[in-house]
Amino acid sequence: MKWKELSRIPRFLPVEKVFERYSDPKFRLGIENVYYMGNGLLLGFSNEQFRFETIKQIEFGGPGQFSIQLSYFANRDELCSCYSINNEKYDFESDLLSEPFRISNNIKIGSTFEQVSTFLKLQAHTDYYNEGETSELVNGKSQFRHKWIHWNNYELLFFGRSKKTKLSAVHLSLKDYCVW
């Protein structure tokens, strides 16, 4: 199972079809709408198909489980942090979940926040770019979780505040079309 192949899955494909083509998931992450596929790859799903008309969400089709997001985490602890997994026991392969790979020609797992940010800000064909950080409330205090860059349909995650922090996780919102 490879990122490049899975990233071509169209949005709202029934997850059974994904499992038929690639393999059954290793497990579902608790009550989250996420299946762990192995090697750091996760398939996010929705129980309904939907579209947006202005700001209103319109659901269509029947209920089911439909693909909406593909995620990758290089590090088990970061995956657990992102999905708030505390005491649950999941059979991940190891602490390092997979080998680094390229997301695009100039962005790969292991690129620093500074490298990715600089590269994307200079691109003329970027439809959407934004960056920031996420925090969570722990014992009544706000605690840093990770920095992120939103770029087109990607959310790139960096688990440190330094500009030298390396990219180690990515969420990809699946597209409505693809060559399947």
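The model is predicted.

The protein holds four helices and twelve strands. Its C-alpha trace spans about 45 × 45 × 35 Å along the principal axes. A compact globule of 180 residues would have a radius of gyration near 16 Å, and the protein has 17 Å, so the two agree. Of the 180 residues, 41% are buried. Among contacts with a separation of 6 or more, 52% join residues 24 or more positions apart.

The protein exposes about 10700 Å², and 47% of that area comes from carbon and sulfur atoms.

Strand β3 covers residues 41–46, and six of its six residues are buried. Here buried means under 20% relative accessible area. Both faces of β3 are covered: one side carries Leu 41, Leu 43 and Phe 45, and the other carries Leu 42, Gly 44 and Ser 46.

Strand β2, residues 34–38, pairs with β3 in the antiparallel sense over four bridges. In this pairing Val 34 stands opposite Gly 44. The hairpin of β2 and β3 has two residues between the strands, and Asn 39 there takes a positive phi near 55 degrees.

Strand β6, residues 66–73, also runs antiparallel to β3, and six bridges join them.

Methods. Residues numbered from 1 in each chain as written. Predicted model: local features only at pLDDT ≥ 70, side-chain atom pairs only at ≥ 80, totals over all residues. Heavy atoms only, no water. Buried < 20%, exposed > 50% of the residue type's maximum accessible area, 1.4 Å probe, protein only. Pairing = 2+ DSSP bridges. Rg over C-alpha atoms; globule rule 2.2 N^0.38 Å. Contact = heavy atoms within 4.5 Å. Areas by Shrake-Rupley, 256 points an atom, 1.4 Å probe, with all protein chains shown as cover.
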